[in-house]
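Subject: Structure for you to look at

Hello,

I am passing on the structure below, with notes on what was found in it. Please read them with the model open.

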Amino acid sequence: MTLQGRHILVTGAGGALGSAVALACAAQGANLILLGRRQQPLEVLYDRIAAAGYALPHLFPCDLSKLDEDQAQTLALAITQQFGGLHGVVHCAADTGALGPIADITGKDWHRLLHLNLTAPFLLTRPLLPMLASQDDAGIVFIDDPASHGKAYWGAYGVAKAGLVQLAQTLAEEWTAGERLRVATLAPAPFRSSLRQRIFPGEKPANLPGPEPIAAFICRWLSPPGRSLTARCFGPADFDAPEIPQEPAAAGLSSQQPISSPAAVSGTSAPNP
Ligand SMILES: NC(=O)c1ccc[n+]([C@@H]2O[C@H](COP(=O)([O-])OP(=O)(O)OC[C@H]3O[C@@H](n4cnc5c(N)ncnc54)[C@H](OP(=O)(O)O)[C@@H]3O)[C@@H](O)[C@H]2O)c1
């Protein structure tokens with residue numbers, strides 16, 4: 001189990017990619033903190049993880065479009081106190097809002113979408129950096145949507161995604177020198193999800209691939225052998241690539257006892273199944 005003893009925070013965990021990432025990481029032994037806007041999809045995911053016999057995750061319902069510095073600090077503190085450390089963050093949460101011309105975007109929608117898709121990943125990541133950087137090996141994953149960059153009608157979502165890529169690249173420049181904290185940007189091709197269905201309602205979901213190969217790649221990248229993947233941006237060709245060969249050095253990485261209590265990080269926890 002390549003993620004045994006590692007603690008990983010997944011945002012947008014109730015969504016298509018977030019759930020797939022959570023299940024893939026849980027199957028590899030990770031202890032998960034699952035952040036999502038709505039409680040119900042998080043509880044569904046909790047039940048799937050519990051039914052599979054994996055370590056019970058900790059749920060953290062949170063509207064990222066309203067996240068402020070204090071809440072982000074509180075989450076970081078709760079993770080420190082409850083887990084004693086963090087080895088990975090996967091930023092999957094996103095919303096496109098109603099797509100349309102820039103001329104039609106209200107200031108309120110602009111602020112909400114920029115906050116959710118760009119500012120919240122920054123606010124969330126910043127207080128976690130010391131904890132991540134104190135590990136022998138830790139990683140942060142940002143999800144781009146390259147189809148939205150500089151294209152008509154993608155509005156604030158496309159602008160935020162372009163900014164997110166810059167944020168990820170800047171962080172990668174600042175942190176990958178020592179190779180302890182790695183930063184990656186993933187640029188997936190369209191996959192089946194409610195976000196995709198909302199913006200392309202005429203598309204048949206069955207004609208799109210699921211998010212599982214992307215999730216499996218994220219899981220591999222976060223694991224010790226993922227260190228050998230030195231690129232900072234990854235796309236569809238990487239997701240279909242064969243397994244990464246195991247490194248002998250992986251045995252030297254830090255590990256911690258799995259958390260035995262299913263209590264939530266911050267007051268909200270799914271009931272025991
Ligand atoms: N699907 C594609 O074709 C595609 C292509 C390229 C990139 N991407 C990217 O892939 C990532 C995952 O998207 P997905 O396709 O899996 O979409 P999804 O199934 O709709 O998942 C999006 C997740 O974001 C969460 N979210 C939305 N607004 C939030 C808020 N205000 N606060 C907290 N969480 C919020 C949703 O939670 P609730 O359900 O509770 O609202 C949901 O769990 C996104 O970054 C997206 O931009 C997707």
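Val141 has Ala184 in β6 as its bridge partner. Two strands pair if DSSP finds at least two bridges between them.

This is a predicted model, in which local features need pLDDT of at least 70 and side-chain atom pairs count only at pLDDT 80 or more, while totals for chains, interfaces and linings use all residues. Residues are numbered from 1 along each chain as its sequence is written.

The open sheet has 7 strands in the order β3-β2-β1-β4-β5-β6-β7, with parallel pairing. Its edge strands, β3 (58-61) and β7 (233-234), each pair on one side only.

Helix α6 (residues 155-175) lies across β5 and β6 and runs at about 155 degrees to β6. Angles run from 0 to 180 degrees between N-to-C directions, with axes fitted to C-alpha atoms, for helices over the stretch in contact. Contact means that the C-beta atoms of two residues, placed from the backbone, lie within 7 Å.

Around the ligand there are 28 residues, of which Gly12, Gly15, Arg38, Ser193 and Leu195 come nearest; near means a C-beta atom, placed from the backbone, within 6 Å. Helices α1 and α7 (194-199) are the elements that give two or more residues to this shell.

Regards

Key:
Helices (H or I, at least four residues) and strands (E, at least two) are DSSP runs, numbered from the N terminus.
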